[in-house]
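Take the chain as a whole to begin with. Then follow a few of its parts, one at a time.

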Amino acid sequence: MNTSPCKGLDHLTRRSLLRGVGVGIGTTAAGLSWLTPLADILAAEAEKSPSGKPARSLILLWLGGAASQLDTFDPHPETKIGGGVKAIPTAIKGVSFAAGLEQTASVMSDVSLIRSMVSKEGDHERAFYNIKTGYRPDPTLIHPSIGAIVCHELPEARIEIPTHVSILPNQWPARGGFFGAQYDAFQMYDPKFPVPDVKARVDDKRLDQRMQGLSIVEQTFARGREPNLDQDKTLHQISMQRARNMMSSDQLKAFNVKDAPAAELAAYGDTPFGRGCFAATRLIQAGVRCVEVTLNGWDTHANNLEGQATQVKILDAAYASLIRDLKKLGLLESTIVICGGEFGRTPKINNVGGRDHWPHGFSMLVAGGGFAGGRVIGSTDPQGEKQAPEKPVLVEDLHATVQNLLGIDYSKEVMTPVGRPMALSKGEPVKELQSHA
């Protein structure tokens, strides 16, 4: 059964869909009426782009707390480490997932599976930092997250809403690091609620009066100081102007999911995470460079089987619908989708039926934007005795692969504010994952 909300639109180009022309669009066209002229420009550019052109956007689905690879994408049923999990087939011949991931299993011809991710960090905060930045924590500086790197290296001047967005962030949000706070992710929570802090608390006339008064104060402050103080250091006026532009921008409608057709939303599941994934597709259409959506709750040190199954149910509908819709809209070729947690969970089940932290061979799903579909990289020991997986993929190598597919020079050195040269990534692209390698 095809659960995509865009069933029947395969014959439409991305541009014609965005414009709402063609036969049989029906309610879907109405659901896309929020799209802006910028989105139409981007669609036109995408149509003219030759096959194999670098990706332009990134969606990160963070499984906060660390999903168990053995209860999701790398099950070993009926073994001493299986933990009672049951397996189902996927669209990749000979590859199984844990039961509950039936929809995700069905889209695997468009997705590749890494079963051999390796990290040196087994603490949640340090591991999150490592996965998000490609570097281990360093007390001397803060590295930019992958979303900040994408926005820094691939600026989009025509968009008035933030180009780096985090939906349902946890306590470790994506940071701009040494690129500056202007590259921090814009944080929002359940998309069924309005975007926070974008509506003035006074009427337009009163707001204009306040801004005029602020301008006088700022001019007085600027006298006798460095001519480029704001541009180089304080960023106050620049931030204020960006905020004003965003508050009045029609592009804000891209965040709104409450007016979407019920059937479209239902396909993602009636959950904040599902709505976040739905919003991610709209934000990418509107020109946003990077969207992260977090699904917390995977830290199952006790009652692992039940806890993982609960989160799997939320993930399955949202992930599969995201991949289907990006493909239907012609966006999958230009949008990279990464799904995974900060590490995996131990083969050994502890005394309270839980699994502990395991950075030695965990799973991630990668799709779109030049990633090959239907491939599996690496494998883990079905008996849980060997720590090292076959064909290990390092965190920094995944970062280098993503940047390479986005057309970013991953080896490029940038100067930090203290004059220290730092490469965007210290890894090397994984050729087996790239469709055009």
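**A walk through the chain**

Of the 437 residues in the chain, 55% are buried. Buried means under 20% relative accessible area, exposed means over 50%, and partly exposed lies in between, with a 1.4 Å probe and protein chains only. The model is predicted: local features need pLDDT of at least 70, side-chain atom pairs count only at pLDDT 80 or more, and totals for chains, interfaces and linings use all residues. Residues are numbered from 1 along each chain as its sequence is written, and side-chain values use heavy atoms, with hydrogens and water left out.

The chain holds 13 helices and 15 strands. These are DSSP runs numbered from the N terminus: helices are H or I with at least four residues, strands are E with at least two. Contact means heavy atoms within 4.5 Å. Among contacts between residues at least 6 apart in sequence, 72% join residues at least 24 apart.

Start with helix 6, residues 146-153. Seven of its eight residues are buried. They are Ile146, Gly147, Ala148, Ile149, Val150, Cys151 and Glu153. What do these buried residues of helix 6 pack against? Their partners are strand 1 (57-63), helix 5 (124-133), strand 5 (164-167), strand 7 (290-295) and helix 13 (395-405).

Move on to the loop between helix 6 and strand 5, where glutamate 156 lies. Its relative accessible area is 13%, so glutamate 156 is buried. Its side chain makes a polar contact with the side chain of arginine 158, at 2.9 Å. A polar contact is a pair of N or O atoms within 3.5 Å; within protein, one must be able to donate a hydrogen and the other to accept it, and residues adjacent in sequence count only if both atoms are side-chain atoms.

The loop between strand 5 and strand 6 (186-188) contains glycine 180. Glycine 180 is buried too, because its relative accessible area is 17%. Glycine 180 and isoleucine 142 are 38 residues apart in sequence, and their C-alpha atoms are 9.8 Å apart in space.

Now turn to a helix pair. The axes of helix 11 (residues 272-285) and helix 12 (residues 304-328) come within 9 Å and cross at roughly 10°. Axes are lines fitted to C-alpha atoms, for helices over the stretch in contact, and angles run from 0 to 180 degrees between N-to-C directions. Helix 11 and helix 12 are therefore roughly parallel, a term for angles under 35 degrees. Helix 11 contributes Phe273, Gly274, Cys277 and Thr281 to the contact, and helix 12 contributes Ile314, Leu315, Ala318, Leu322 and Leu326. Seven of these residues are nonpolar, two are polar and none is charged. Here Ala, Val, Leu, Ile, Met, Phe, Trp, Tyr, Cys and Pro count as nonpolar, Asp, Glu, Lys and Arg as charged, and the others, Gly among them, as polar.

Next, the backbone. Most residues other than glycine have a negative phi. Alanine 66 has a positive phi, near 85°. It sits in the loop between strand 1 and strand 2 (87-89). Lysine 391 also has a positive phi, of about 55°. Is lysine 391 buried or exposed? It is exposed, because its relative accessible area is 60%. Alanine 66, at 0% relative accessibility, counts as buried.

End at serine 425, in the segment after strand 15 (421-423). Serine 425 is buried, at 5% relative accessibility. Its side chain reaches the backbone nitrogen of glycine 427 at 3.0 Å. Not counting residues up to four places away in sequence, serine 425 touches Tyr135, Glu396, His399, Ala400, Gln403, Tyr410 and Ser411.

Methods:
Angles under 35 degrees count as roughly parallel, over 145 as roughly antiparallel, 65 to 115 as roughly perpendicular and the rest as oblique.
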